[in-house]
Amino acid sequence: MSRKEELEKIVFKEGTDNHIKAAKLIDYIIDLENQMDYYMSLPKIKVDDNNKERQKATPAAKLYKEALQQYNNSLRLL
C-alpha cells in the first residue's frame, strides 16, 4: 500500500464530502515527507576544524525545521 493510499484510508470515510480538499492536502503532505527525507540525508551541524566546540547549524537543518513545522500543521489540518 502506498503512502497516499494509507493517508486516504485514514481520512476518507463513508458518507463524507471532503475528498477534493483532502486529496490536495494529502499530495502536499507526501511532497513534504519527500523533502524531509532528503533534508535528513544532509549534514545538520557544521563543526569548526580549529575549535571542535564551535558548531553551527547548516542551512539543511533550518530547512528541515521549517518543513517539519509545515508538515505538523498540515497533519493537524488533515
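Rings of Phe, Tyr and Trp (its six-membered ring) are taken to pair if their centres lie within 6.5 Å, with planes under 30 degrees apart counting as stacked, over 60 as edge-to-face and the rest as tilted. The structure is a predicted model, in which local features need pLDDT of at least 70 and side-chain atom pairs count only at pLDDT 80 or more, whereas totals for chains, interfaces and linings use all residues. Residues are numbered from 1 along each chain as its sequence is written, and side-chain values use heavy atoms, with hydrogens and water left out.

The structure holds one aromatic pair. The ring centres of tyrosine 38 and tyrosine 39 are 6.0 Å apart and the planes stand at 55 degrees, so the pair is tilted. Relative accessible area (1.4 Å probe, protein chains only) defines residues as buried under 20%, exposed over 50% and partly exposed in between; tyrosine 38, at 51%, is exposed, whereas tyrosine 39, at 14%, is buried.

Salt bridges, defined by a side-chain nitrogen of Lys or Arg within 4 Å of a carboxyl oxygen of Asp or Glu, come to a count of four. One of them joins the side chains of arginine 3 and glutamate 33, at 2.8 Å from N to O. Because arginine 3 lies in helix α1 and glutamate 33 in helix α2, this pair ties together parts that are 30 residues apart in sequence; helices are DSSP runs (H or I, at least four residues) numbered from the N terminus. Arginine 3 is partly exposed, with a relative accessible area of 33%, while glutamate 33 is buried at 14%. Arg3, Glu6 and Glu33 are linked in a network of salt bridges.

Aspartate 27 likewise forms a salt bridge with lysine 4, in which the closest N and O atoms are 3.0 Å apart. This pair links distant parts of the chain, with aspartate 27 in helix α2 and lysine 4 in helix α1, 23 residues apart. Aspartate 27 is partly exposed at 38% relative accessible area, as is lysine 4 at 33%.

Definitions and conventions:
Helix = DSSP H or I, 4+ residues; strand = E, 2+ residues; numbered from the N terminus.
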